[in-house]
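Please look over the structure shown below before reading on.

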Amino acid sequence: MAEQQPPDIKMPDPVEISKSMAGIAERSQKLVSEFLERQQQEGNGGGAAMDPMNIGAAFMEMTHRMMADPAKLVQAQMTLWQDYMRLWQSTAQRMMGQEADPVAEPERGDRRFKHPEWDENELFDYVKQSYLLTARWMQSTVKDVEGLDDKTSQKVDFYTRQFVDAMAPSNFLMTNPEVLKETLESGGENLVKGLENLLEDLERGKGRLKIRMTDTEAFELGENIAVTPGKVVYQNDLMQLLQYEPTTEKVHKRPLLIIPPWINKFYILDLRPKNSFIRWAVEQGHTVFVISWVNPDEKLAAKSFEDYMVEGPLAALDALEQATGEKDANVIGYCLGGTLLACTLSYMAAKKDNRVKSATFFTTMMDFEDSGELGVFIDEVQLAALEEKMNQKGYLEGGEMATTFNMLRANDLIWSFVVNNYLMGKDPFPFDLLYWNSDSTRMPAAMHSFYLRNMYQENRLLKAGGIRLRGVDIDLSKIKVPASLISTREDHIAPWKATYAATQLLGGPVKFILAGSGHIAGVVNPPEANKYGYWTNAKNPKAPDSWINSAKEHAGSWWPEWDKWIGQYGNGEVTARKPGDGKLKVLEDGPGSYVKVKAQD
């Protein structure tokens, strides 16, 4: 048998490496100097500034409670030691050529360990399993601590997981087999390129790491993303209103208004033709109008939640009548847009305004008691620090909110890019959803403070009269409009069991649809993809577990199910209307100018 030759290993060119490192060193020095100067100017004197998330106090409390039960701590240590003994025995068996079952395995779908070397190579398999054992031990130990209040327990659990995710062996050069292979084959060029990528991201973030998740040059709004044909027919300080061109000869007489969240931009519902909910709704014969919120700056610092109601959905309903001649509308609210829709409907009920004939809520919270992992960021210390920061500029920077959401799925939205961009030295793949995710928006200080305090911190929307808008007590039970609630089973932002509470809060008939997947993918799920599935139930028992236990599962997208429901409220058919046909004239082509404003963090 011929002797197997070792693979060719490319030796780095020392001259090129030297040049690259000299350039990197110069840029690094400049960045570090700028960072230190900025830190000095901003100051880090107070305790809140040093620990704005109040993490230290939570972990101190957890440690105090843990040490109060040393026997339980010793038992946890013994369990970990026994697991390690089993792992050593299993690894020894494998190294001697014997079969051995793994002691610890990654969860299904954990892409950190997808490279075959994690399983086939005994050393990397040992590294992987020892990490999984330690991670499991850390998380179970902090979860089992008794005597902590729910907020502290949630915070400790969340940040322990952040630490555990950061320490994964896949995130480091010497313990990631795929990175080691790339380093040997490229002669280290991947690390040089990765360092350049890191510096570029630091420069883009002006000293703060702003990880590039996609090829930002690959997309252009109105060119290859957000391309469903439409026109801007109305605008005010807070929004532009888009009306979309019809694609059917006849349309429902009653138009459809979509209120997206202003935490993100509306084109999540219009990424590409094949996954655009807006395009699909137009094709089903709806005259579609969409609010495109402004990306606010300091001039709009005083804009309130009340202003968003008046200049958003209420102004849009007035504009719809001018554009189509129709007083009535069907309305969709997505996430925060849905929370605003609920408030608006209660306000309209008090004013005897019955223009909305059906309401659809995509992944919408009305009861914020169980706000999921976002609740980790809401307490008095953090809110005070956030308000101080917002008051300095008049708004919350878009990157602040984006970082918070990315932390909810750190392995997918942070560490996978650290490995790809900085260790593998690769450029991120062009991906429309991640382009949208990176296109952040700002929050006006007055509105955002009101929203966080009244909804998340105090859960006042739940109580009749807990919130007043334009002198009206908001009471969700006064809403008699037929409603459809669309929630998603794996939602980290609006947990479905929390959104289900609205079935008991609204005063009219409610159809609850539970879709598969998460906050975005579960909503943006076109029928052609035939993915995820959804659940329905003719009844809405008080407990969400009772609902799902007796629900019927369906294959594919929930979109046709919803369209069948909303078809009841279409009010007959009329000849298709085009933007500009009515009293409102076209201001500019879609997707409009407001959506193109970037947040310069």
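Ring pairs join Trp262, Trp293, Phe305, Tyr308, Phe368, Phe450, Tyr451 and Tyr456 into a cluster, where rings of Phe, Tyr and Trp (its six-membered ring) count as a pair if their centres lie within 6.5 Å. The model is a predicted one, in which local features need pLDDT of at least 70 and side-chain atom pairs count only at pLDDT 80 or more, while totals for chains, interfaces and linings use all residues. Residues are numbered from 1 along each chain as its sequence is written, and side-chain values use heavy atoms, with hydrogens and water left out.

Across the whole structure, a search finds 32 aromatic pairs. One of them joins Phe113 and Tyr131, whose ring centres are 6.3 Å apart and whose planes meet at 45°, so the pair is tilted (planes under 30 degrees apart count as stacked, over 60 as edge-to-face and the rest as tilted). Phe113 and Tyr131 are both buried, which is to say under 20% relative accessible area, with exposed meaning over 50% and partly exposed in between, for a 1.4 Å probe and protein chains only.

Charges also sit over rings, a term that requires NZ of Lys or CZ of Arg within 6 Å of the ring centre and within 35 degrees of the ring normal.

| Charged residue | Ring | Distance to ring centre |
|---|---|---|
| Arg442 | Tyr395 | 5.5 Å |
| Arg489 | Trp535 | 4.7 Å |

In helix α12 (residues 336-350), 13 of the 15 residues are buried, so the helix is largely enclosed by the rest of the structure. Gly567, by contrast, is partly exposed, with a relative accessible area of 36%.

Terms used:
Helix = DSSP H or I, 4+ residues; strand = E, 2+ residues; numbered from the N terminus.
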